Amino acid sequence: TKLVPKYITILRMLIRWKKSTILATVGFFVFTLVVATTSMKFVLFPPEGIEIFFVRVTAPTNVSLEATKNYLIEIEKEIQKLPSNELKDMVTTVGLQQQDANDPNTKRGSHVGQISIFLHPEDHRDRSAAEIIDYLKTKIIKPAEIISLTFERAGGGPPVGKPISVAVRGRDYQQILTATRELEEKVVKIPGALDVTNSYNEGKEEIHVIVQKEEARAAGLSVQQIGSTIRAAFGGLVATSIQSLDDEVDIRVSFPEQDLSLI
């Protein structure tokens with residue numbers, strides 16, 4: 001072919017001037033490194049062009065799923081007002097907060113929920129995702145009953161947590177919580193700081209049952225039997241199940257709510 005003779009000629013010339021060839025190659029490599037470090041900005045997963053973001057709600061731990069759902073419904077009404085060329089779809093999830101199944105910051109509970117907003121591609125809309133989020137922040141007012149209302153864009157690649165995080169360590173838990181609140185109040189006042197939250201999650205209320213072993217023994221009851229009875233009273237027991245189309249629905253039997261206060 002016509003390329004083979006030209007290739008051989010170039011190859012012979014490079015071998016003849018091998019020192020110059022090596023120096024030129026190294027020089028070009030150094031030149032590209034200098035240009036990359038001084039003139040090019042490297043972002044592994046750039047946020048531009050992101051078409052998904054989340055609105056997340058966290059309520060007090062004693063809030064029910066129904067109450068959390070009602071909070072999210074009110075937020076949905078504002079999101080639905082976005083122009084049709086911006087809003088493509090949205091999905092509301094009650095009892096769960098996560099970007100995907102591998103999200104290390106996943107939260108579960110009746111007091112949490114999120115709305116996943118899917119936008120049309122950026123070339124079909126006039127505003128970026130960041131501008132739409134800023135607009136919604138002015139329209140969605142956090143109810144007084146809610147602990148936090150945050151907006152978060154889905155980043156490219158796997159979830160890696162917040163851009164900046166600060167850890168507080170100590171021996172006394174109450175002192176840690178106090179220091180965390182004080183730090184959070186100071187960070188909120190920093191210009192440019194947005195969606196400042198802490199990772200502390202207050203647990204559900206607990207009931208500690210102390211069994212009088214001698215009295216239980218006299219009544220012929222074991223600690224296991226007492227624990228099973230209490231669990232059945234509050235959580236119920238599956239008595240049977242019924243088939244509904246393709247799903248099997250469990251029938252759970254528990255004490256009436258008015259009787260639980262007597263336990």
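In the predicted model, the charged end of R56 is placed over the ring of F54, at 4.7 Å from the ring centre. A pair of aromatic rings is described by how far apart the centres are and by the angle of the planes. The count of aromatic pairs in the model is 0.

R56 is also among the residues touched by Q97. Q97 belongs to strand β2, which covers residues 87-97. The relative accessible area of Q97 is 5%, so this residue is classed as buried, the limit being under 20%. When residues up to four places away in sequence are not counted, Q97 touches R56, V57 and T58, as well as N105, T106, K107, V112, G113 and Q114. Polar atoms take part with two of these residues. A polar atom of the Q97 side chain lies 2.7 Å from the backbone oxygen of V57. The side chain of Q97 also makes a polar contact with the side chain of T58, at 3.4 Å.

Two helical positions were examined next. T180 is found in helix α5, formed by residues 173-188. With a relative accessible area of 19%, T180 falls under the 20% limit and is therefore counted as buried. Apart from neighbours within four places in sequence, T180 is in contact with V168 and N198. K139 is located in helix α4, which spans residues 129-139. The relative accessible area of K139 is 41%; this value lies between the limits of 20% and 50%, so K139 is described as partly exposed. Between K139 and E78 there are 61 positions in sequence, yet the C-alpha atoms of K139 and E78 are 7.0 Å apart in space.

For the chain as a whole, 8 helices and 6 strands are assigned. Read from the N terminus, the order of the elements is α-α-β-α-β-β-α-β-α-α-α-β-β-α. Of the contacts in the chain with a separation of 6 or more, 61% join residues 24 or more positions apart. The chain has 263 residues, and buried residues make up 22% of them. The accessible surface comes to about 20,100 Å², and carbon and sulfur atoms account for 58% of this area.

Note on methods:
Residues numbered from 1 in each chain as written. Predicted model: local features only at pLDDT ≥ 70, side-chain atom pairs only at ≥ 80, totals over all residues. Heavy atoms only, no water. Helix = DSSP H or I, 4+ residues; strand = E, 2+ residues; numbered from the N terminus. Buried < 20%, exposed > 50% of the residue type's maximum accessible area, 1.4 Å probe, protein only. Polar contact = N/O pair within 3.5 Å; in protein donor to acceptor, adjacent residues only side chain to side chain. Contact = heavy atoms within 4.5 Å. Phe/Tyr/Trp six-rings, centres within 6.5 Å; stacked < 30°, edge-to-face > 60°. Lys NZ or Arg CZ within 6 Å of the ring centre and 35° of its normal. Areas by Shrake-Rupley, 256 points an atom, 1.4 Å probe, with all protein chains shown as cover.
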